[in-house]
Amino acid sequence: MNLSVGIVGLPNVGKSTLFNALLKRQIAEAANYPFCTIEPNVGVVEVPDDRLSVLAKIVQTEKIIPAIVEFYDIAGLVKDAAKGAGLGNKFLAHIREVNAIIHVVRLFEDPNVVHVTDKVDPAEDIETVRTELALADLATLEKQPEPRMNATREQRAAWLVIDKAKKLINQGKYGLAVELTTEEQDDLRHLNLLSVKPVLYLFNISEKQLEKTAETEKVIKDTLNKLKIDAPYLYFCAKLENEVLALSGEEQREYLRQYGLGEIGLNRLIKSAYGLLGLISFLTAGEKEVRAWTILNNTQAVDAAGVIHTDFSKNFIKADIIPYDEFVESGGWASARVKGLVESVGREYLMKDGLVVEFKIGT
């Protein structure tokens with residue numbers, strides 16, 4: 001299960017700069033004018049996980065396969081994008097393909113970087129993007145035909161939710177992920193609506209603002225409260241993150257410590273994206289490879305096995321599991337089994353983050 005995240009926002013808020021920092025190399029063209037990113041730049045980024053190298057030493061393998069995240073750098077939206085302004089609907093179509101959205105909001109002041117509306121106003125910027133995503137959804141909803149006389153119960157139920165979603169958007173209630181129940185969202189899943197996707201707000205700040213964290217956090221919270229948005233957020237100095245990339249490991253840590261940061265932005269962003277979607281990783285460790293697998297929290301063991309291979313799910317017998325810390329302390333499978341630390345669980349066992357797992361499969 002791969003996680004795909006779309007990076008959206010107005011032009012010149014720092015999306016491509018962020019994308020470059022995340023990938024640790026210059027992939028997206030960062031330029032001081034709108035629409036410098038025409039096609040979504042796609043980058044496959046490894047999820048940082050220190051546990052994998054530790055496991056590799058224990059089981060004596062050199063092959064490590066981390067979980068991955070696909071980041072899509074999607075060109076800047078502008079007002080009336082839903083009507084085709086700028087590169088409009090082309091951008092919106094790209095966003096539909098991702099699991100979650102990172103909405104980059106500009107807080108930094110820089111006279112050398114033009115703002116599309118000539119002023120830095122985070123609340124107005126957020127509302128512009130939210131409005132365009134919601135209007136694009138409204139256009140999709142309005143295209144849905146009313147159910148025929150012989151429609152199924154499911155089709156009629158979906159139509160009621162479609163009608164409710166249209167009314168919510170017309171009332172200015174754009175957060176369908178909050179306004180609709182889980183069951184109602186399931187009824188609309190086939191439409192791949194933008195307003196239902198989970199959003200993480202990422203405020204791009206200056207180095208000066210990074211030094212005044214209390215003041216910066218107040219501005220962010222006041223902005224979200226003003227818009228009545230209850231969503232996770234991070235603040236992030238994209239410029240600093242790119243500067244850090246040129247430094248060695250220890251130099252990076254020292255540089256980040258000056259700003260009260262314990263790790264690079266990539267790590268914080270990945271963890272937040274995982275939390276946004278309720279994702280966890282389970283680990284496999286053998287002589288062939290050590291690997292992290294991405295699943296939803298509380299996935300049943302039989303379904304987790306199917307992430308490795310569909311046959312694992314079909315022929316599932318049991319799963320041997322042990323928490324990562326206990327596996328490391330034991331020094332591997334053999335010692336852990338002797339100590340009685342390995343638990344054998346059945347199909348319906350609910351998986352937890354950080355379990356080292358060995359599936360037993362029939363033929």
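Student: What is the strand order in the open sheet of this predicted model?

Tutor: The order is S2-S4-S1-S5-S6-S7. That makes 6 strands, and the pairing is mixed.

Student: What makes S2 and S7 edge strands?

Tutor: Strand S2 (41–46) and strand S7 (233–236) each have a single partner strand, so one side of each lacks a neighbour in the sheet. From one strand to the next, the twist averages 25 degrees.

Student: How do you know that S2 and S4 pair?

Tutor: Pairing takes at least two bridges. S2 and strand S4 (residues 68–73) have 6 bridges, in the antiparallel sense. Glu46 stands opposite Ile68 in S4.

Student: Which strands does helix H1 lie across?

Tutor: Helix H1 (residues 15–23) lies across S1, S2, S4, S5, S6 and S7. Its angle to S2 is about 35 degrees. Helix H12 (residues 265–277) also lies across S1, S2, S4, S5, S6 and S7. H12 runs at about 170 degrees to S7.

Student: Now the rings. How many aromatic pairs are there?

Tutor: The count is 6 aromatic pairs.

Student: Why is the pair Phe282 and Phe359 called edge-to-face?

Tutor: Two values describe a ring pair: the distance of the centres and the angle of the planes. Centres must lie within 6.5 Å, and planes over 60 degrees apart count as edge-to-face. For Phe282 and Phe359 the centres are 5.9 Å apart and the planes stand at 90 degrees, so the pair is edge-to-face.

Student: What does that pair tie together?

Tutor: Phe282 lies in strand S8 (residues 279–285), and Phe359 lies in strand S12 (residues 355–361). The pair therefore ties together parts 77 residues apart in sequence.

Student: Are Phe282 and Phe359 buried or exposed?

Tutor: Buried means under 20% relative accessible area. Phe282 has 0%, so Phe282 is buried. Phe359 has 12%, so Phe359 counts as buried too.

Student: What makes Phe327 and Trp333 an edge-to-face pair?

Tutor: Their ring centres are 5.2 Å apart and their planes are at 75 degrees, so the pair is edge-to-face. Phe327 is buried at 0% relative accessible area. Trp333 is buried at 10%.

Key:
Residues numbered from 1 in each chain as written. Predicted model: local features only at pLDDT ≥ 70, side-chain atom pairs only at ≥ 80, totals over all residues. Heavy atoms only, no water. Helix = DSSP H or I, 4+ residues; strand = E, 2+ residues; numbered from the N terminus. Axes fitted to C-alpha atoms, helices over the stretch in contact; angles between N-to-C directions. Contact = heavy atoms within 4.5 Å. Phe/Tyr/Trp six-rings, centres within 6.5 Å; stacked < 30°, edge-to-face > 60°. Buried < 20%, exposed > 50% of the residue type's maximum accessible area, 1.4 Å probe, protein only.
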